[in-house]
Amino acid sequence: MPGSVDTPAPRVISDRVVRIGPGGISLRVRGRVFAVTALLLLALVVVVGITLTTGDLPLSVGEVLKALTGNGSASADFVVNTLRMPRILTAVFVGAALAVSGAILQSLTRNSLGSPDIIGFTNGSAVGALVVIIVLHGSMTQIAFGALVGGLATALAVNLLMVGRGLQGFRLVVIGIGVSALLLAVNSYLITRATFQEALEAQAWLIGSLGNRLWTHANAIGLALAVLLPPAFLLSRRLSMVEMGDTTATALGVDVTRTRTILLIISVALAAFATAVTGPIWFIALAAPQVVRGLTRSSGPVLLPSALMGAVLLALSDLVVQRVFAPALLPVGTATGAIGGLYLIWLLITESRKSRA
C-alpha cells in the first residue's frame, strides 16, 4: 500500500546469526542451546500440568483450565487457585532464582563449586531471616529484607577475606565452607534463644519447604525475578568475557569491577529472596548450571536454560515428595539436600582429579 512500510522478514546469515533487516539487529542463535531451552520449557509445562491435575482430588486438564479462567466448580477453583497454583509457581520461581544465582557465581569465580550453598550466602540469608523471625517477629516483607541483608553481609565478608587473593580456586571454596559453618553455628544459637514455638517454626523453615505457600509468597519471588533477571540477562555477554579472565575482559572493553559488583549483588539478591520465601533449599544452585553446561556444551554461562533447569528440578522434586511420599509431609529441602550431597561428592572427586591432571 502507498505510504506503508513493510517490516523486513528475518533472514538467517548463518546457522548461528539471525539479522532483522539490512543494518538491523543481529541475534546470535546457538542451535544446541535453543534445543535444550525448548526441551526444558516443555518439561516444565509437563511437570506443572501433572502437579495441577494429580493429587487427592484428580482433575482433568479441562477442569484446571476452567478453574484458572474462573469458570470452574468451587472445589476445583479452591484446589487449583488456592492450594496447587501458588505452590507450583513458588517452586518454579525459587528454582529459577537459585539456578541463575549459582550460574552467575560459578562464572564469576570460574569454579564449579562456587555456588551460594557452598560459599555461605544461603546460610547468611538464613541468619538474616532468623533474626527477623525470632528477634524482631517481622512480617514476610521484613523477613525478605532480613534475608537480603544477611546474604549481602556474607558476600561482603567473603570478599574481604579474599582481598588480594582473587575469586578463583579452592581457596574461595575453603573460605566459603568456613564462613558457612560459622553462620550455621549462629543459626543454632538463635534457635536456642527462641521460645519453644519460635524454635519449632524456625527449624521447620531451615529445612526448606514449599508447604502452605500462598500467593503472597509466589508474588514476592515473582517480583524479585522481574526486577533481577533482566539486568542479569543483559549482562550475560559481559559475564562470559569476565569468565575469560580480568585481563582479557578489560582488553575487550569490559569494566570488570563494575560488572562483577553488579552481578554479585544480583546473585546474592536472587539467593536471598529465594531463601526468604522457602527457607534454604540445597542442590539447585550448585547443580542446575553445571547440568545445563553439560547439555548445551557451552563454555560460558547460559542463564535462561539454567533458570528453566532450576525451575524443572525444584518443581519435579516437590512433585515427587508430594505424590511418592504421601501422606507424609516431607519438605522438599530434604529431598534436594540428599540428592545434592551425592552430587557434591561426585563434583569434588571430579574437581580433585582435574586439579591433579
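Thr336 is buried, because its relative accessibility is 0%; buried means under 20% relative accessible area, exposed over 50%, and partly exposed in between, with a 1.4 Å probe and protein chains only. This is a predicted model, in which local features need pLDDT of at least 70 and side-chain atom pairs count only at pLDDT 80 or more, while totals for chains, interfaces and linings use all residues. Residues are numbered from 1 along each chain as its sequence is written, and side-chain values use heavy atoms, with hydrogens and water left out.

Thr336 belongs to helix α15, residues 332–356. Helices (H or I, at least four residues) and strands (E, at least two) are DSSP runs, numbered from the N terminus. A polar atom of the Thr336 side chain lies 3.3 Å from the backbone oxygen of Gly333. Leaving aside residues up to four places away in sequence, Thr336 touches Ile281, Trp282, Phe283, Ile284, Leu314 and Ser317, where contact means heavy atoms within 4.5 Å.

## Two residues with positive phi

Phe283, one of the residues that Thr336 touches, is found in the loop between α12 (256–278) and α13. Its phi is near 85°, a positive value in a residue other than glycine. Phe283 counts as buried because its relative accessibility is 9%.

Asn212 is found in the loop between α8 (196–207) and α9 (215–234). Phi of Asn212 is near 60°, again a positive value in a residue other than glycine. Is Asn212 buried or exposed? Asn212 is exposed, because its relative accessible area is 72%.

## Leu308 in helix α14

Helix α14 covers residues 303–323 and includes Leu308. With a relative accessible area of 13%, Leu308 is buried. Not counting residues up to four places away in sequence, Leu308 touches Thr37, Leu40, Leu41 and Leu44.

Leu308 and Ala96 are 212 residues apart along the chain, and 6.1 Å separates their C-alpha atoms.

## The second largest cavity

The structure holds 2 cavities of 30 Å³ or more. A cavity is a set of points, on a 1 Å grid over the protein atoms alone, where a 1.4 Å probe fits but cannot get out; lining residues have an atom within 4 Å of a point. About 30 Å³ of space lies in the second largest cavity. Grid points are joined across faces, edges and corners, and a volume is the space filled by probe spheres set on the points.

Which residues line the second largest cavity? They are Ala103, Gln106, Ser107, Pro289, Arg293, Pro301, Val302 and Ser306. The most comes from α3, with 3 residues. By type, the lining has 4 nonpolar, 3 polar and 1 charged; Ala, Val, Leu, Ile, Met, Phe, Trp, Tyr, Cys and Pro count as nonpolar, Asp, Glu, Lys and Arg as charged, and the others, Gly among them, as polar.

## The chain as a whole

The chain has 15 helices and 3 strands. Of its 357 residues, 48% are buried. Among contacts between residues at least 6 apart in sequence, 73% join residues at least 24 apart.

The chain exposes about 17700 Å², and carbon and sulfur atoms supply 68% of this area. Accessible areas come from the Shrake-Rupley method with a 1.4 Å probe; for residues, only the protein chains shown count as cover.

Methods: Polar contact = N/O pair within 3.5 Å; in protein donor to acceptor, adjacent residues only side chain to side chain. 1 Å grid on protein atoms, 1.4 Å probe; cavity = no way out; pocket = protein on both sides within 12 Å on 5 of 7 lines; lining within 4 Å.
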